[in-house]
Amino acid sequence: MKSMDSLHRSYAMAKFLTYFFLILGALIMVFPFAWMILTSSKTVAESLAVDPVVIFPAKWMLDNFKEAVASLPFGHLYWNTTLMVFFRVICAVLFSSMAGYAFAKLHFRGKNLLFGVVLIQMSLPSQIFIIPQYQMVAKMGMANTIFALVFPGLVSAFGVFFLRQTYMSIPDEVGEAAYLDGCNQWQTFYKVMFPLTGTSVAALTIFTAVFAYGDLMWPLVVNSDLKMMTLSSGLSTLKGQFTTNFPVLMAGSLLAMLPMIVLYLIFQRQFVEGIAGTGGK
Amino acid sequence: MNRKLSAAARREENWGWIMVAPTIIGLGVLNIWPFIQTIYTSFCEHLGFGRYKFIGLGNYAEMLGNTEFWKATWNTIFFCILTVPVGVALALFVAILLNAKVKFKGGFRTLFFLPLVCAPAAVAMVWRWIFNGEYGILNQMLGQNIQWITNPRTAVIAVAIVSIWSSVGYDAVLLLAGLQNIPKTLYEANSIDGAGKIRQFFTITLPMVSPTMFSVLIMRLMASMKIYDLIYMMADETNPALTDMQSLMYLFYRSSFVAGERGYGSAIVVWTVGLILLVTLIQFWGQKKWVTYDI
């Protein structure tokens with residue numbers, strides 16, 4: 001048996017180490033953001049100063065942001081990204097709710113085979129679809145449009161899989177009661193079952209939005225016109241324009257990150273649960 | 001099937017088909033057909049403007065004889081070796097810290113999770129600046145002069161650091177949920193036996209969290225095998241270390257959309273998916289040795 005004294009000491013030590021590593025980790029997580037913000041307000045000379053390093057800009061200024069906005073049509077990028085996210089979320093929620101409900105609650109022939117299609121899509125990396133998807137968009141003459149940005153997200157296999165699980169967790173009796181009250185299958189789904197899936201729909205919304213917002217390859221491939229780009233793909237063009245002007249690059253990065261960070265800070269719990277709760281992809 | 005259906009059952013069946021129709025049609029057009037096309041295209045030469053000529057195994061032969069391709073395959077595997085074990089171990093460490101009784105737990109969780117909501121393009125841009133050889137803050141702090149992104153020996157490592165930094169909070173939140181599911185009574189019974197914390201970790205925590213850890217590992221592995229965006233942002237066409245850091249998916253992008261060789265690009269993506277399938281199967285086969293499902 002250890003003495004009380006040494007137990008206390010080892011407990012205090014464990015506590016100290018826990019905080020030490022948590023704070024160290026937190027600093028490592030925050031540092032890149034802090035450095036981005038500090039750099040975004042520096043002059044080029046300040047940012048390149050080496051001996052000694054300039055940590056704080058002599059004057060907080062917005063010049064770099066003005067230059068970033070002048071070289072990249074941020075207004076368009078925000079608008080395009082918003083529309084892409086909006087339509088992808090609507091499609092994912094609407095179609096996945098319908099299919100998720102049907103797969104969970106209805107009996108129909110071919111159900112297992114069709115659900116197999118959903119599972120196959122889920123387990124394949126999106127890149128294997130990209131070339132033909134791009135060729136379809138190009139053939140339709142729809143490159144450089146909002147539709148092109150939304151296109152691969154018109155349906156979400158992951159959403160179907162995820163919402164099917166949600167509907168399966170709702171007892172059958174709920175639907176049966178509505179059915180006996182004279183609702184048809186569509187009304188049972190739309191009026192009774194769908195409203196019960198609020199938390200999951202919120203999670204799918206956040207997951208879809210964060211994924212669409214961060215995606216880089218598809219928007220780069222399909223929309224080459226700068227005015228039709230998303231925040232991600234637009235920002236990537238900035239690195240070629242300003243190879244050594246880091247303050248402008250950091251201002252641009254901050255502008256691209258800001259909307260999602262603000263939403264995240266407002267809806268923290270929903271974000272963490274939404275992204276982690278969906279199990280990711 | 002000759003089963004007679006009642007009117008109600010038939011109505012239910014019709015509703016079932018109607019409700020899955022948008023999804024199934026969508027998946028057919030957007031995924032199933034493109035999947036078949038990509039496989040077919042990998043046996044073709046792209047003549048331009050979406051026209052193809054069947055050439056059999058030509059693309060695969062070219063691919064397998066190409067050093068750049070093998071380099072990309074190795075880079076991808078090396079990237080996985082760096083990010084998956086280290087990333088998941090770090091995430092488990094963070095999860096254990098967050099599982100302790102600490103103040104501001106929510107605040108810490110928010111911070112660790114923050115990179116997840118930032119576009120990888122923007123994250124990579126910031127790290128490019130931190131890693132900059134001449135003026136980057138990292139070299140200033142270390143008092144070194146390492147050309148992180150342009151030196152062939154460090155380029156993949158630099159990308160791996162960014163990747164781990166980006167994903168550790170997410171993996172930690174998943175593992176934290178696994179840790180919180182471990183019944184407290186297990187620890188209590190164990191501490192009466194006088195077992196030390198470290199032994200407790202290996203006899204209780206690790207086996208109990210191993211199923212969660214397995215799914216995190218699989219997910220991280222699949223994501224790492226597909227790495228593209230961070231490399232796209234951190235490597236430039238002029239980077240001398242380009243071939244030493246490019247991943248398979250980045251090579252796929254360059255071949256298909258920069259060079260326009262879509263047949264060759266398709267062969268690369270088919271190979272990559274095959275490789276992902278293979279390593280996933282190995283993981284599932286290997287899990288028997290270390291994942292505990294029954295306690």
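A residue is described as buried when its relative accessible area is under 20%. In the predicted model examined here, B:Leu230 has a relative accessibility of 6% and therefore counts as buried. This leucine is found in helix α10 of chain B. Between B:Leu230 and B:Trp127 lie 103 residues of sequence, yet their C-alpha atoms are 9.7 Å apart in space. B:Ile204 belongs to helix α9, which covers residues 197-225 of chain B. The C-alpha atoms of B:Ile204 and B:Tyr187 are separated by 7.5 Å, and the two residues are 17 apart in sequence.

Burial may also be followed along a whole helix. Helix α8 of chain A, formed by residues 157-168, contains twelve residues. From the first C-alpha to the last, α8(A) reaches 17 Å, which is close to the 16 Å expected at 1.5 Å a residue. The helix is mostly covered, since nine of its twelve residues are buried.

The nonpolar patch has about 870 Å² of accessible area together, and its members include A:Phe16, A:Leu17, A:Phe20, B:Val86 and B:Phe93. Helix α1 of chain A and helix α3 (67-99) of chain B each supply at least two residues of this patch. The greatest contribution comes from α1(A), with seven residues. One of the patch members, A:Leu17, has its place in helix α1 of chain A. A:Leu17 is partly exposed, because its relative accessibility is 35%.

The other patch carries positive charge and gathers A:Lys15, B:Lys101, B:Lys103, B:Lys105 and B:Lys184. A:Lys15 is situated in helix α1 of chain A, which runs over residues 4-39. With a relative accessibility of 33%, A:Lys15 is classed as partly exposed.

Charged residues also take part in pairs. Side chains of opposite charge can pair when their charged atoms come close. Over all chains, the structure holds nine salt bridges. One of these connects B:Asp236 with A:Lys239, with 3.0 Å between the closest N and O atoms. B:Asp236 lies in the loop between α10 (229-234) and α11 (242-245) of chain B, whereas A:Lys239 lies in helix α13 (residues 231-241) of chain A, so the pair joins two chains. B:Asp236 is partly exposed because its relative accessible area is 22%. A:Lys239 is buried, its relative accessible area being 9%.

A further salt bridge is formed by B:Glu68 and B:Arg254, whose closest N and O atoms are 3.4 Å apart. B:Glu68 belongs to helix α3 of chain B and B:Arg254 to helix α12 (residues 248-258) of chain B, so this pair ties together parts that are 186 residues apart in sequence. The relative accessible area of B:Glu68 is 25%, and the residue is therefore partly exposed. B:Arg254, with a relative accessible area of 17%, is buried.

B:Arg220 and B:Asp171 also meet in a salt bridge through their side chains, at 2.8 Å from N to O. Since B:Arg220 lies in helix α9 of chain B and B:Asp171 in helix α7 (residues 155-180) of chain B, the pair ties together parts that are 49 residues apart in sequence. Both B:Arg220 and B:Asp171 are buried. Salt bridges with shared partners also join A:Lys239, B:Arg128 and B:Asp236 into one network.

The backbone was considered last. Most residues other than glycine have a negative phi. A:Asn144 is not a glycine, although its phi is positive, at about 60°. This asparagine lies in the loop between α6 (127-139) and α7 (146-150) of chain A. A:Asn144 counts as partly exposed because its relative accessibility is 25%. B:Phe104, likewise a residue other than glycine, has a positive phi near 60°. B:Phe104 is placed in the loop between α3 and α4 (105-113) of chain B. With a relative accessibility of 64%, B:Phe104 counts as exposed.

Definitions and conventions:
Residues numbered from 1 in each chain as written. Chains lettered and ligands numbered in written order. Predicted model: local features only at pLDDT ≥ 70, side-chain atom pairs only at ≥ 80, totals over all residues. Heavy atoms only, no water. Patch = residues over 30% accessible without salt bridge, like charges linked within 9 Å, V, L, I, M, F, W, Y side chains within 5 Å. Areas by Shrake-Rupley, 256 points an atom, 1.4 Å probe, with all protein chains shown as cover. Salt bridge = Lys/Arg side-chain N within 4 Å of Asp/Glu carboxyl O. Lys, Arg positive; Asp, Glu negative; His and termini not counted. Charge placed at Lys NZ, Arg CZ, Asp CG, Glu CD. Helix = DSSP H or I, 4+ residues; strand = E, 2+ residues; numbered from the N terminus. Buried < 20%, exposed > 50% of the residue type's maximum accessible area, 1.4 Å probe, protein only. Expected span 1.5 Å × (residues − 1).
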